[in-house]
Amino acid sequence: MARFVFRRLLSMIPVIIGISFIIFSILALTPGDPAQIILGDGATPEAISELREQMGLNDFFIVRYIRYIAGAVRGDFGLSYRTQLPVLNELLARLPNTLVLALFGVGCAAMVGVPIGIISAVKQYTLIDNATRVFAMVMTAIPAFWLGLMLMLAFALKLRLVPAIGADTWEGFILPSVTLAIGNMAVMIRMTRSTMLEVIREDYIRTALAKGVSRRKVILRHALANALLPIVTTIGINFGLQMGGAMICETVFSIPGLGTLIITSVRQKDIPMVMASVIFVALTISLVTLAMDLIYSFFDPRVRMQNFRKGGARA
Amino acid sequence: MSEAAVRGKSQWKSVWIRFRKSTISLMGLSMLAALLLISGSAGIWIDYESQAIQHNMKQRLQHPSAEHFFGTDQFGRDVFARVVFGARISLLVGILTITLSLAIGSVIGSIAGYYGGRVGNLLMRMMDVLLSIPAILMAISIVAALGNGMFNLIIALTVSGVPRFAYIVRSIVLTIKNQEFVEAAKAYGSSNSRIILRHVLPNAIGPIVVQATTNMANSILLISSLSFVGLGMPSSTPEWGSMLSDAKQYMRHNPYLILFPGMAIVTAVMALNLIGDGLRDALDPKLRN
Amino acid sequence: MTGELLDIRGLHVVYRTLESDVYAINGLDLSVSEGETLGLVGETGAGKTTTALSILKLLPDRVGFITKGEITLDGVELTKVSEADMQMIRGNTVSMIFQDPMSSLNPVIPVGKQVEEVLTLHRRELSKREIDEQVDSIFGMVGLPPSRKHEYPHQFSGGMKQRIVIAIALSCQPKLLLADEPTTALDVTIQAQVLDMMRDLKEKLRTSMILITHDLGVVAELCDRVAIMYAGEIIEMGSIDDLYGTGDKHPYTEGLFGSLPSLTGDERRLHPIDGLMPDPTSLPQGCKFYERCPKRTGHCEAEAPALNVSGTHSVRCRLFAG
């Protein structure tokens, strides 16, 4: 088991290197001289060239990349151009807010969306199914930030039930979380429904029916166990999308998270901050996907046998 | 006429027959047609400069009326005119993005699929990595490096669109490569690029169009999201996302300011999703659910 | 009671899809008596599997419909039975072995549990321990070590999976077993083993069976009677001797058996006949085999032939009239 997890973690390394290399290359295209940005307009040419030397900006691109990665591995993502403080501190301070939003969004969406999707599939083409499909279809077309604005208008500005912005109290998280959850729920419903429909058509479902198992039990005992595996994977993939959604949502509700951090850093041309945040988010997403993958392989007997020798077949 | 072309023709006919049977798909198609028509002809019946761009402080923040269907914004600009021209921008950026992604993705996918080997493998690994970066992060990074504006936005969206098309084209090339009619064409001495153009790509059109509609819907969502946070179109441009961003501080007393641009986004995205779903079902009736 | 275990009269089944109505079964009459094995032979799409699914009332939901006819099993008219009662019949009085053992077993449930499930459903009087013992003995019966009942389907070979499927089907000792090409998906050597086992079990449990197959050799070996299906109808039915003997047969059957209708010869497989079955969405008015028939006459196109019975042998063809 531990060996399997370790092997999967190792296999992530090339992907992480790939991601960081691409982001590093893109951001290296930024016009303007970092030394100039840090020192401001009044700096003398000598001071700028001294700082450039000091920052290693004259080295080859690939040398700078390796140096960056070497630093990042030790937790050193450089200094913010704006505050001259370590990037990592700011990142870690902001991360919890974004994680709370994304986790809450995915969690709620899964808890509500998966059952609805199952019912919709089982009752295919009935009124419930059609209503669910229309709801899901409309909801997938609504951008998270617009939904956020509408909810804010209705529940914060008009009804005054919750605060409109800020993360000072837990109530501030209600609207952004709900916003994210609703959008994600639509994805969950659609995906659960189509997975379930596929499973229902499998031969072993027919076998179960031919045994005399009731339709209800066939769904609960035979179909669900098989459908849950792909559903878990999708929840993992969705988490990635959710991080993106959370970032935009933070802006709507002025929540100090990674999203607002990245966006203000882009505006202020604070490249080290942008780089670290983007890599950080991408990394989080890969880790979550990996975790879901592990859950998947633990629950699917076909994969489990190959990977978890101990316990094995007669567990 | 080649066999592939003949097959293609009758296949498209039956796809259309199946597509037509679905009311919901037709609804999507007519929604998109309406959007294209209105935004395409907008220049004829709306004066872009005076209605959508120029400030007119005497008429600011007027609620919807017969004169201004969707009201006016904080600078007295006609919201209806801006929403209509916004459709132009979204659709234009969307179409350009897809064309570019498809072109680049097809080349990469065809090479990887048709020739395979080490080059193909390397290309697909690169696509893997690109695919693992969420589109919005990729777009933000590119905008951070190159600055905002329509051109950079198109680049940003294209980069994240390429891998999916590359995947589709590659898998189709792989499945078709060994089929008989391609073998036959090879035996007749057709060149590789000719085989790709005449035989492989026509068969790939179905899945590509489905992906294109999804991709365009995502592009429209992404453009407006980026503009909303100030990393897309400059705020004077009548783009749906920037309009919403401007409207945020006035929405309490002028809710129509956020209502109409948002509904425009939903309409466009939904139209494309409906067409995509309908097409996917029509292409493969077995998958219909 | 006629002494028949299964009696199907004038069965019509339609598949209603979005595009069109598919007439899958068109006036089928069929009966199986106790202990008898009936071979159901025909091309793909002739309606063999649909017949079996109709008996189980497991036609695809909201698509397949029994529009006319009666199916009487063990004295019960199945078309009038409620879904709840049907659940008591399925797996108990009648059970089915599906074509592909690879996909017939649930991949995430241990095989023993899948056998156990039938027993817990239909043998409520048994205690947990008795059921366990039953499962073990059923495993032994189909030639599998009971110790492997905790394993998952993917750990078994195709032939072993089919043994498990057969174990599930026979565990409540049903009166009727529907076997839908039970060996088509298996290797030739395994096929023989599985068929031998099925024959032994059938005799031991005195189960009646409808064996759906393409393989005329298997029919000759296992079946008492044969029914030939074409476009949703039985076009010929008779004892093994009637069909494998030298007597006159339906032109379609002649085609199937080819030039060497020998019990022991090499011609075990169906002979391909030129042409295709009629489009099931718009069936011809007259004889459904008209298009492909080498002995057709003008009458055949206009008028559907009646079933001509002589002794155990019945043929749906004008040539046999009067």
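This is a predicted model: local features need pLDDT of at least 70, side-chain atom pairs count only at pLDDT 80 or more; totals for chains, interfaces and linings use all residues.
The largest nonpolar core holds 241 residues, among which A139(B) and V269(B) touch the most other members. The element that gives the most to this core is helix 11 of chain B (residues 256–283), with 17 residues. When neighbours within four places in sequence are left aside, A139(B) is in contact with A156(B), L157(B), S160(B), L222(B) and L226(B).

Between chains A and B, 39 residues of chain A are in contact with 34 residues of chain B. On chain A, the elements that give two or more residues to this side include helix 1 (2–28), helix 6, helix 10 (215–253) and helix 12 (271–299), and by class the side comprises 30 nonpolar, eight polar and one charged residues.

Helix 6 of chain A (residues 127–141) has 15 residues, which at 1.5 Å a residue should span 21 Å, and this agrees with the 22 Å between its end C-alpha atoms. Buried in this helix are T132(A), A136(A), M139(A), T140(A) and A141(A), and the buried residues pack against helix 5 (87–122) and helix 8 (174–200) of chain A together with helix 11 of chain B.

Most residues other than glycine have a negative phi. K269(A), however, which is not a glycine, has a positive phi of about 60°; K269(A) is found in the loop between helix 11 and helix 12 of chain A, and counts as partly exposed because it has 18 C-beta neighbours inside 10 Å. R62(C), also a residue other than glycine, has a positive phi near 60° and lies in the loop between helix 1 (48–56) and strand 4 (64–73) of chain C, where R62(C) counts as exposed because it has 10 C-beta neighbours inside 10 Å.

Methods: Residues are numbered from 1 along each chain as its sequence is written. Chains are lettered from A and ligands numbered from 1 in the order in which they are written. A nonpolar core is a set of buried Ala, Val, Leu, Ile, Met, Phe, Trp, Tyr and Cys residues joined through C-beta atoms within 7 Å. A residue is buried if 20 or more other C-beta atoms lie within 10 Å of its own, exposed if 12 or fewer, and partly exposed in between; C-beta atoms are placed from the backbone. Helices (H or I, at least four residues) and strands (E, at least two) are DSSP runs, numbered from the N terminus. Two residues are in contact if their C-beta atoms, placed from the backbone, lie within 7 Å. The expected span of a helix is 1.5 Å times one less than its number of residues. Ala, Val, Leu, Ile, Met, Phe, Trp, Tyr, Cys and Pro count as nonpolar, Asp, Glu, Lys and Arg as charged, and the others, Gly among them, as polar.
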